[in-house]
Amino acid sequence: GYWDGKRYEGGKSVVVDSPLDVIPVFARAGAVVPEWPVMQYTGERPVDVLTLRVFAGEGESRLYEDDGDGPMNPGGWSRFKVERVANGLRLRWERPDDHSPDYGRVHVIVYGLETKPLSVLADGMPVEARKWSDGCLDVVAAPFDLLEIGY
């Protein structure tokens with residue numbers, strides 16, 4: 001599930017709790033779901049952190065990023081590719097060549113890891129895990145091209 005990271009087998013019916021204040025949401029393995037801070041209107045304040053919820057598996061996701069200045073600077077598509085490798089998980093992030101994000105940090109939450117990572121590298125540089133719990137890894141890094149999680 002999106003909120004708790006619990007894994008469900010695909011192609012089956014499941015019964016889940018659905019209190020009035022929580023919408024049951026599911027993400028497929030390999031998906032990356034970007035999240036921005038809550039704002040009342042576009043450009044209310046600068047975005048300094050982009051959150052990426054990553055669901056371990058194999059898959060691709062996209063994000064349209066623009067500079068918020070209207071149609072003269074339209075932006076472009078970023079692509080995320082999640083892949084399992086023999087010793088861990090990789091997240092590749094391809095951004096448009098001419099796009100320079102305003103945010104300086106990326107909060108990455110990875111769900112569904114098989115074991116506690118031995119290493120986390122962003123573009124080859126070590127990244128400290130903020131938290132590890134029940135298959136969920138929580139890290140913060142500068143925007144990266146490749147995040148490698150090693151078992």
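A salt bridge is taken here as a side-chain nitrogen of Lys or Arg within 4 Å of a carboxyl oxygen of Asp or Glu. The structure is a predicted model, in which local features need pLDDT of at least 70 and side-chain atom pairs count only at pLDDT 80 or more, while totals for chains, interfaces and linings use all residues. Residues are numbered from 1 along each chain as its sequence is written, and side-chain values use heavy atoms, with hydrogens and water left out.

Across the whole structure, nine salt bridges are found. One of them joins Arg92 to Glu83, with the closest N and O atoms 2.9 Å apart. With buried meaning under 20% relative accessible area, exposed over 50% and partly exposed in between (1.4 Å probe, protein chains only), Glu83 is buried at 15%, whereas Arg92 is partly exposed at 31%. Arg53 and Glu35 form a salt bridge at 2.7 Å between the closest N and O atoms. Arg53 belongs to strand S2 and Glu35 to strand S1, so this pair ties together parts that are 18 residues apart in sequence; strands are DSSP runs (E, at least two residues), numbered from the N terminus. Here Arg53 is buried, at 13%, and Glu35 is partly exposed, at 23%. Arg130 meets Asp138 at 3.3 Å, N to O; Arg130 is exposed at 55%, but Asp138 is buried at 12%. Salt bridges also link Glu60, Arg79 and Glu94 in a network.

Turning to the sheet, six strands make an open arrangement in the order S3-S4-S5-S11-S7-S8, with antiparallel pairing; two strands pair if DSSP finds at least two bridges between them. Strands S3 (59-65) and S8 (125-126) stand at the edges with a single partner strand each, so one side of each lacks a neighbour in the sheet. Four bridges connect the antiparallel strands S7 (residues 119-122) and S11 (residues 146-150), and Val120 stands opposite Ile149 in S11.

A nonpolar core is a set of buried Ala, Val, Leu, Ile, Met, Phe, Trp, Tyr and Cys residues joined through side-chain atoms within 4.5 Å. The largest such core has 26 residues, and those with the most contacts inside it include Leu52, Trp93, Val110 and Phe144. Among the elements that give two or more residues to this core are S2 (49-55), S5 (88-94), S6 (105-111) and S11. A second, separate core of five residues includes Tyr2, Phe55, Ile109 and Cys136. Counting contacts as heavy atoms within 4.5 Å, and leaving out residues up to four places away in sequence, Val110 touches Val54, Leu89, Gly135, Cys136, Leu137 and Ile149.
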